[in-house]
Amino acid sequence: MTYQQLKEQETQYVMNTYGRFAIALDHGSGAQVWDVEGRRYIDLTSGIGVCSLGHGDEKLAEAIAAQARRLIHVSNLYTTAPMVQTAKTLCTQTGMSKVFFANSGAEANEGMIKLARKYSFDKYGEGRAEIVTLRNSFHGRTVTTLKATGQDKFHQYFFPFTEGFAYADANDIASVEAAVGAQTCAVMIELIQGEGGVLPLDADFVRQVQALCRKKDLLLLVDEVQTGVGRTGSLFCFQQYGIRPDVVSMAKGLGGGVPIGAVMAADTCDTVLGPGTHATTFGGTPLICAAANAVLSEVTRPEFLAAVTEKGAYLKEKILGFGSDKVKDVRGMGLMLGIVVDADARAALVQEIMDAGVLVLTAGANAIRLLPPLSISYEEMDEALAVMQRVFCK
Ligand SMILES: *Cc1c(COP(=O)(O)O)cnc(C)c1O
């Protein structure tokens with residue numbers, strides 16, 4: 001089917017909740033994808049930071065196929081080896097203590113929020129359930145995680161939202177202190193605000209938040225749904241900030257493309273969620289954990305992580321080196337980068353870059369966001385850079 005034919009049927013049968021680009025993708029290899037009409041693109045999006053090993057990765061495809069033949073799903077009433085393996089790798093690689101498996105980022109954050117509230121309930125009883133989050137954050141699209149998201153535009157239509165969130169300004173410890181009170185049980189942050197514009201938090205601020213949490217017995221919740229699993233050049237971004245979160249959520253890159261989310265707790269709170277307090281039918285299913293294990297066996301290799309850092313630095317240096325006055329800044333860490341442009345010019349730039357054969361994302365009001373596969377090659381980067389240079393330097 002052509003794009004036009006597919007689009008007509010999509011319009012007829014699929015709810016119109018996404019502003020999609022006008023291409024239909026068919027297959028991929030590495031950091032390249034082909035549309036249904038055979039046109040090739042360099043993919044600097046990897047499905048919004050999901051396809052960490054790129055498209056068509058042999059080991060990942062083989063792990064999924066082999067597990068599918070063996071056992072796809074058994075429910076959480078039984079133990080399976082792939083699930084145990086994923087949890088063990090996550091803990092031994094990070095010093096965290098225990099894992100709960102979910103199916104998406106928002107769901108992982110729901111688990112993290114439930115854990116924080118129960119930690120406080122068990123210790124202090126009712127009335128200490130509020131979570132402080134940061135303005136301009138993004139934590140998901142469920143009714144609760146929308147409210148956790150510190151942006152008014154997400155607090156519309158779906159009333160009543162879950163109560164119990166207060167908002168503070170990023171990189172302003174006085175603002176966090178002001179938002180914390182006797183009713184607070186946790187502070188929840190993204191270390192790099194992703195959807196908000198690829199904005200890394202200051203390391204000093206993050207350490208001050210951690211100190212405040214320790215002093216007041218608040219749990220420090222880190223949403224690594226976008227920054228986790230190698231994206232920033234360490235397995236988790238918190239490892240570069242030198243902090244010890246109580247709970248970390250993850251999702252996007254963990255399954256290499258299949259849906260998975262997880263909540264990882266430190267020994268400060270790893271027994272809070274006991275039998276009957278939290279569950280999901282699909283969580284930790286062997287098929288998906290087999291994929292996560294294939295991803296983790298690549299992404300935990302020190303050379304792989306070092307290469308992510310180097311490739312990110314390479315992209316940043318080359319883009320700044322365009323010398324284009326349309327490029328105001330390049331920010332981010334590892335292969336999570338935001339090219340800052342004029343807000344008014346962004347849509348046209350993204351369209352031109354796509355028309356010239358490179359897929360990119362946006363974030364916040366004025367960033368063009370790059371989340372390429374972590375496995376992208378220098379050849380693929382050079383091809384994408386040449387296209388972007390032509391567009392930016394026109
Ligand atoms: C994408 C994202 C989410 C939501 O994840 P879903 O899988 O879409 O539910 C939550 N937090 C952050 C930081 C994200 O980037």
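Let me start at Ser 104, which sits in the loop between E4 and helix H5 (105-124). Helices (H or I, at least four residues) and strands (E, at least two) are DSSP runs, numbered from the N terminus. Ser 104 is partly exposed, with a relative accessible area of 27%. On that scale, buried is under 20% relative accessible area, exposed is over 50%, and partly exposed lies in between (1.4 Å probe, protein chains only).

A word on the model. It is predicted, so local features need pLDDT of at least 70 and side-chain atom pairs count only at pLDDT 80 or more, while totals for chains, interfaces and linings use all residues. Residues are numbered from 1 along each chain as its sequence is written, and side-chain values use heavy atoms, with hydrogens and water left out.

Take H11, residues 302-320. It has 19 residues. From first C-alpha to last it reaches 27 Å, close to the 27 Å expected at 1.5 Å a residue. The expected span is 1.5 Å times one less than the number of residues. Which residues of H11 are buried? They are Phe 304, Leu 305, Val 308, Lys 311, Gly 312, Leu 315 and Ile 319. Seen down the axis, these buried residues fall within an arc of 120°, so they line one face of H11. The arc is taken from the directions that run from the helix axis to the C-beta atoms. The face turned away from the buried side carries exposed residues: Pro 302, Glu 303 and Glu 317.

Now H13, residues 378-392. Its 15 residues should span 21 Å at 1.5 Å a residue, and its end C-alpha atoms are 20 Å apart, which agrees. Buried here are Glu 380, Met 381, Ala 384, Leu 385, Val 387, Met 388, Val 391 and Phe 392. They cover an arc of only 165° around the axis, which puts them on the same side of H13. On the other side, Glu 379 and Arg 390 are exposed.

On to empty space. Rolling a probe the size of a water molecule over the atoms shows where it is left. The working terms use a 1 Å grid over the protein atoms alone: a cavity is a set of points where a 1.4 Å probe fits but cannot get out, a pocket is an open set with protein on both sides within 12 Å along at least five of seven lines, and lining residues have an atom within 4 Å of a point. Grid points are joined across faces, edges and corners, and a volume is the space filled by probe spheres set on the points.

How many cavities of 30 Å³ or more does the structure hold? The count is 1. The largest cavity has about 50 Å³ of space. Its lining includes His 73, Ser 75, Tyr 78, Met 83, Thr 281 and Pro 286. By class, that lining has 4 nonpolar, 8 polar and no charged residues. For the classes, Ala, Val, Leu, Ile, Met, Phe, Trp, Tyr, Cys and Pro count as nonpolar, Asp, Glu, Lys and Arg as charged, and the others, Gly among them, as polar.

The second largest pocket has a volume of about 530 Å³. Of its 26 lining residues, Val 99, Phe 100, Phe 101, Leu 273 and His 278 are the closest to its centre. Strands E4 (98-102) and E12 (261-265) each supply at least two lining residues. E4 gives the largest share, 4 residues. The lining divides into 15 nonpolar, 9 polar and 2 charged.

Now the backbone. Most residues other than glycine have a negative phi, and most peptide bonds are trans. Ser 75, back in the cavity lining, has a positive phi of about 80°. Ser 75 is in the loop between helix H3 (58-70) and helix H4 (81-94), and is partly exposed at 23% relative accessible area. Asp 217 also has a positive phi, near 55°. Its loop runs between helix H8 (203-216) and strand E10 (219-223). Asp 217 is buried, at 18%. A cis peptide bond joins Phe 159 and Pro 160, with omega about -5°. Pro 160 is in the loop between helix H6 (143-148) and strand E6 (165-168).

Last, cysteines. There are 0 disulfides, a disulfide being a pair of cysteine sulfur atoms within 2.5 Å. The sulfur of Cys 185 is 10 Å from the closest cysteine sulfur, in Cys 213, too far for a bond. Cys 185 is buried, with a relative accessible area of 0%.
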